[in-house]
Amino acid sequence: MSNLLKLLVLDLKYRRLRLHCALLMYGAIVVMGSIPGARDKIGHYAPGLVLHAVAYAGLTGLLFTGTMGSAGQRALKAVLIVAAMGGFDEIVQSFLSYRNGAVSDWLVDCSAALITSSLLWAFLPAPRQA
């Protein structure tokens, strides 16, 4: 199991796949967040703070391992991309009559990205060629 995880997370061969998964995941977040009543239903299981933190931390992990550059460059890219994604998601929500965009949600997204990318930068080994 450990070797499979290393292969999927560290192997440069799957870098583009991780990047595409991040984009698909983000698209799913925006679409599912735009479905009337969906947020209220899932809110019974997890509060918005947890949903935002987990979703955007996952996106950060995929972006960090899906981009090229040094660990610091990948961390910066991941945080900036997630900040833009979170901001766009909140803008979309502000146009929906049954949702509202919130700066506090965007700050949770950015905090999750900053914490996740910092941990990955500090503890994840460098990507490897297969």
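The legends below describe close-up views of a predicted model.

Local features are given only where pLDDT is at least 70 and side-chain atom pairs only at pLDDT 80 or more, whereas totals for chains, interfaces and linings use all residues. Residues are numbered from 1 along each chain as its sequence is written, and side-chain values use heavy atoms, with hydrogens and water left out.

View 1. Helices here are DSSP runs of H or I with at least four residues, numbered from the N terminus. In soluble globular proteins, nonpolar side chains tend to be buried together.

**View 2. Leucine 63 and its contacts.** Leaving aside residues up to four places away in sequence, leucine 63 touches Leu19, Ala22, Ala78, Ile81, Val82 and Met85, where contact means heavy atoms within 4.5 Å.

**View 3. Valine 79 in helix α5.** Valine 79 is buried, with a relative accessible area of 16%; buried means under 20%, exposed over 50% and partly exposed in between, with a 1.4 Å probe and protein chains only. Not counting residues up to four places away in sequence, valine 79 touches Ala113, Leu114 and Ser117. Leucine 10, 69 residues apart from valine 79 in sequence, is 19 Å apart from it in space, C-alpha to C-alpha.

**View 4. Threonine 116 in helix α6.** Threonine 116 counts as buried at 16% relative accessibility, and its side chain reaches the backbone oxygen of alanine 112 at 2.7 Å. When residues up to four places away in sequence are not counted, threonine 116 touches Ala57, Thr60 and Gly61.

**View 5. Aspartate 11 in the loop between α1 (2-10) and α2.** Aspartate 11 counts as buried, at 1% relative accessibility. Its C-alpha atom is separated by 26 Å from that of alanine 83, which is 72 residues apart along the chain.

**View 6. A nonpolar surface patch made by Val31, Met32 and Ile35.** The patch has an area of about 290 Å², with accessible areas taken from the Shrake-Rupley method and a 1.4 Å probe. Valine 31, found in helix α2, is exposed, with a relative accessible area of 53%.

Key
Patch = residues over 30% accessible without salt bridge, like charges linked within 9 Å, V, L, I, M, F, W, Y side chains within 5 Å. Salt bridge = Lys/Arg side-chain N within 4 Å of Asp/Glu carboxyl O. Helix = DSSP H or I, 4+ residues; strand = E, 2+ residues; numbered from the N terminus. Polar contact = N/O pair within 3.5 Å; in protein donor to acceptor, adjacent residues only side chain to side chain.
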